[in-house]
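Trainee: I would like to go through a protein model by asking about it piece by piece. Please show it first.

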Amino acid sequence: MLCEVCGKESGCIKTILLDGIEMLACEECFSFGVEKEKPREAKKIDFEEKEIRKAGQFDLGLDLKKSFGKAISVARQKQGLTFEELGKKIFEPASLLRRIESESIKPSDKLISKLEKALKIQLKEEQGQ
Ligand SMILES: [Zn+2]
């Protein structure tokens with residue numbers, strides 16, 4: 001079956017609720033939503049988790065560099081910033097930045113701009129080569 005979140009073929013597809021919309025998700029994308037079968041209160045999403053989900057929403061039209069996590073990591077360390085310090089700079093939770101650097105989620109367009117500005121890097125592929 002195909003994952004409706006990332007579009008990948010997966011043997012383990014579950015129905016989740018993503019922002020109230022029913023979607024089929026693979027194991028990797030499953031954590032972005034709430035499993036449908038479980039009662040809502042079983043998975044309490046705290047504020048930070050909500051922020052991560054918002055920022056990590058997939059924008060498949062995005063022309064992010066393939067190694068965006070690495071690029072962010074290198075630039076952040078060059079400036080001597082911890083996840084927490086960078087997070088404070090751009091008003092995002094450190095755990096979100098950690099997940100972006102590990103490339104487990106893709107940053108939103110808005111977050112990309114913020115990261116590019118804060119780290120003085122380019123995160124999108126050059127257009128029209
Ligand atoms: Zn998926």
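Mentor: What follows is a set of questions and answers on this model.

Mentor: This is a predicted model, in which local features need pLDDT of at least 70, side-chain atom pairs count only at pLDDT 80 or more, and totals for chains, interfaces and linings use all residues. Residues are numbered from 1 along each chain as its sequence is written, and side-chain values use heavy atoms, with hydrogens and water left out.

Trainee: Which residues are the protein donors of the zinc ion?

Mentor: Donors are N, O and S atoms within 2.8 Å of the metal (3.2 Å for Na, K and Ca); water is not among the atoms, so sites may look incomplete. Here the SG atoms lie 2.2 to 2.3 Å from the zinc ion. In sequence the donor residues are spaced C-x2-C-x19-C-x2-C. The protein donors are C3, C6, C26 and C29.

Trainee: Why does the pair C3 and C26 tie together parts that are apart in sequence?

Mentor: C3 and C26 are both among the donors of the zinc ion. C3 lies in the segment before β1, whereas C26 lies in the loop between β2 and α1 (27-30), so the pair ties together parts whose separation in sequence is 23 residues.

Trainee: What is the site of the zinc ion, tetrahedral or irregular?

Mentor: Four donors count as tetrahedral if all angles lie between 85 and 135 degrees. The angles among the four donor atoms of the zinc ion are 105 to 120 degrees. The site is therefore tetrahedral.

Trainee: Is C3 buried or exposed?

Mentor: Buried means under 20% relative accessible area, exposed over 50%, and partly exposed in between (1.4 Å probe, protein chains only). The relative accessible area of C3 is 2%, so C3 is buried.

Trainee: How many bridges join strand β1 to strand β2?

Mentor: Strands (E, at least two residues) and helices (H or I, at least four) are DSSP runs, numbered from the N terminus, and two strands pair if DSSP finds at least two bridges between them. β1 (residues 14-18) and β2 (residues 21-25) run antiparallel, and K14 has A25 as its bridge partner in β2. The number of bridges joining β1 to β2 is five.

Trainee: With which residue does the side chain of S73 make a polar contact?

Mentor: S73 is in helix α3 (residues 68-78). A polar contact is a pair of N or O atoms within 3.5 Å; within protein, one must be able to donate a hydrogen and the other to accept it, and residues adjacent in sequence count only if both atoms are side-chain atoms. At 3.0 Å, the side chain of S73 contacts the side chain of Q77.

Note on methods:
Four donors count as tetrahedral if all angles lie between 85 and 135 degrees; four count as square planar and six as octahedral if opposite donors are over 155 degrees apart and all others between 65 and 115; anything else is irregular.
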